[in-house]
Amino acid sequence: MAPPSILRDTEDGSESDMGENYADINWEGLSFSLTQTDYMHVMKCTKGEKFSQGSLIRYGNIEISPAAGIINYGQGIFEGLKAYRTEDGRILLFRPEENALRMKMGADRLCMPSPSVEQFVDAVKQTVLANKRWVPPPGKGTLYLRPLLMGTGAALGLAPSPEYTFLIYCSPVGKYHEGGRLNLKVEDKFHRSIAGSGGTGGIKSVTNYAPIYTAVTEAKANGFSDVLFLDSATGKNIEEATACNIFVVKENDIFTPAIDGSILPGVTRKSIIDIAIDLGYKVIERSISVEEMMSADEVFCTGTAVVVTSVASVTYKETRAEYKTGAETLSQKLQGILVGIQTGCIEDKKSWTVQVD
Ligand code: COI
């Protein structure tokens with residue numbers, strides 16, 4: 001790992017605590033919201049070149065041209081991953097190279113250069129170390145890292161940006177969904193992505209996210225936790241919720257929509273599939289109709305932010321289906337194993353975790 005170049009100054013002029021102690025915040029009250037931390041990592045490159053050495057700078061606003069590709073034409077992608085503090089004082093990342101590879105896939109789709117897997121993982125590690133005091137104590141939350149890759153060069157015409165910025169900031173977070181059990185509404189008016197491989201549903205393009213606000217705002221106003229989108233070609237098959245993949249359990253089989261270009265290839269999704277297969281379950285990746293889901297035994301969502309969250313009900317038009325939730329469910333079992341590995345409580349036989357310090 002390259003030695004971190006860290007600015008040690010603080011706004012009040014004192015030397016910063018580079019992470020031996022905890023930040024002075026209420027660790028009991030974390031939610032999934034932004035808490036400003038000390039440092040962010042920034043790396044730039046010009047079109048046609050490769051990313052090289054980045055650096056850590058104080059967390060803060062960035063200066064950007066009003067003609068930047070990200071602002072004008074949405075040339076940007078993001079990632080999300082977490083750092084976990086273990087009971088024995090280590091800090092772990094979970095499969096960060098998967099996020100790096102997914103960022104590369106998105107970058108290729110949007111005509112952007114991307115950091116190498118090594119640069120990505122190294123930058124994540126540096127960001128965590130520089131913000132170590134913001135990694136929550138075990139059991140209180142995680143440090144959420146948000147890598148961004150964006151066209152930051154100025155250009156008026158519709159063309160790839162002349163300059164790119166890779167930036168990672170972070171925030172300590174708690175649960176994404178407070179209640180822990182979701183009541184989903186099947187969205188039958190708006191779609192999340194274009195069906196098939198022609199669209200951008202399979203990458204973490206920034207442009208995939210704001211368009212969900214209309215649907216989710218309306219759903220929340222009607223008491224739902226989130227919406228579940230249907231495929232745009234037939235309007236019959238489930239795709240994913242606003243920030244997570246979906247799984248359906250029927251008898252002893254587990255179903256999830258196949259990665260077909262419109263489904264985000266979630267790192268948690270992939271890990272849960274592997275864990276379930278190891279436990280002896282059959283996992284079937286294919287199209288799943290709303291009707292099939294309505295008659296399932298159990299439904300759950302997966303994602304970095306949501307981890308594994310049970311779905312208590314799904315409402316489609318006038319029909320509401322209710323599902324098994326609670327301690328005896330498969331989702332709880334899978335969640336326990338996943339979080340156990342992520343937090344170092346369960347042996348990591350697959351070498352999924354990466355120690356930071
Ligand atoms: C994540 O799970 O990391 C996400 O990207 C969700 C985000 C939209 C809040």
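**Helix H2**

I looked first at helix H2, residues 96-109, in this predicted model. H2 has 14 residues, and I read 20 Å from its first C-alpha to its last, close to the 20 Å expected at 1.5 Å a residue. The expected span is 1.5 Å times one less than the number of residues in the helix. Helices (H or I, at least four residues) and strands (E, at least two) are DSSP runs, numbered from the N terminus.

I then listed the buried residues of H2, which are Pro96, Glu98, Asn99, Ala100, Arg102, Met103, Gly106 and Ala107. Buried means under 20% relative accessible area, exposed over 50%, and partly exposed in between, with a 1.4 Å probe and protein chains only. After H2 I noted Cys111, with a positive phi near 60 degrees.

**Conventions**

I number residues from 1 along each chain as its sequence is written, and side-chain values use heavy atoms, with hydrogens and water left out. As the model is predicted, local features need pLDDT of at least 70 and side-chain atom pairs count only at pLDDT 80 or more, while totals for chains, interfaces and linings use all residues.

I next examined helix H3, residues 117-130. H3 has 14 residues, and its first and last C-alpha atoms are 20 Å apart, close to the 20 Å expected. I found H3 mostly covered, with 10 of its 14 residues buried. The buried residues of H3 include Phe120, Val121, Asp122 and Ala123.

From Phe120 I turned to Ile168, 48 residues apart along the chain; their C-alpha atoms are separated by 9.4 Å. Ile168 lies in strand E7, residues 163-173, and is buried, with a relative accessible area of 0%.

**The ligand site**

I recorded the residues around the ligand as Phe78, Gly80, Tyr144, Arg146, Tyr176, Lys204, Tyr209, Ala243, Thr304 and Ala305. A residue is near a molecule if one of its heavy atoms lies within 4 Å of it. By class, this shell has six nonpolar, two polar and two charged residues. In this scheme Ala, Val, Leu, Ile, Met, Phe, Trp, Tyr, Cys and Pro are nonpolar, Asp, Glu, Lys and Arg are charged, and the others, Gly among them, are polar. At least three shell residues come from each of domain 1 (8-173) and domain 2 (181-342).

I checked distances from oxygen atoms of the ligand. One such distance is 2.6 Å, to an N or O atom in the side chain of Tyr144. For Lys204, an N or O atom of the side chain is 2.6 Å from a ligand oxygen. For Thr304, a polar backbone atom is 3.3 Å from a ligand oxygen. The protein covers 89% of the 290 Å² of accessible area that the ligand has on its own; such areas come from the Shrake-Rupley method with a 1.4 Å probe.

Val307 is in strand E15, residues 307-316, and counts as buried at 19% relative accessibility.

Ser351, also not a glycine, has a positive phi of about 55 degrees. Ser351 sits in the loop between helix H7 (330-342) and strand E17 (353-355) and counts as exposed at 59% relative accessibility.

For H7 itself, I found the end C-alpha atoms 18 Å apart, which agrees with the 18 Å that its 13 residues should span. Among the buried residues of H7 are Leu330, Leu334, Leu338 and Ile341. H7 is followed by Gly344, with a positive phi near 75 degrees.

Conventions
Polar contact = N/O pair within 3.5 Å; in protein donor to acceptor, adjacent residues only side chain to side chain. Domains from an automatic or database assignment.
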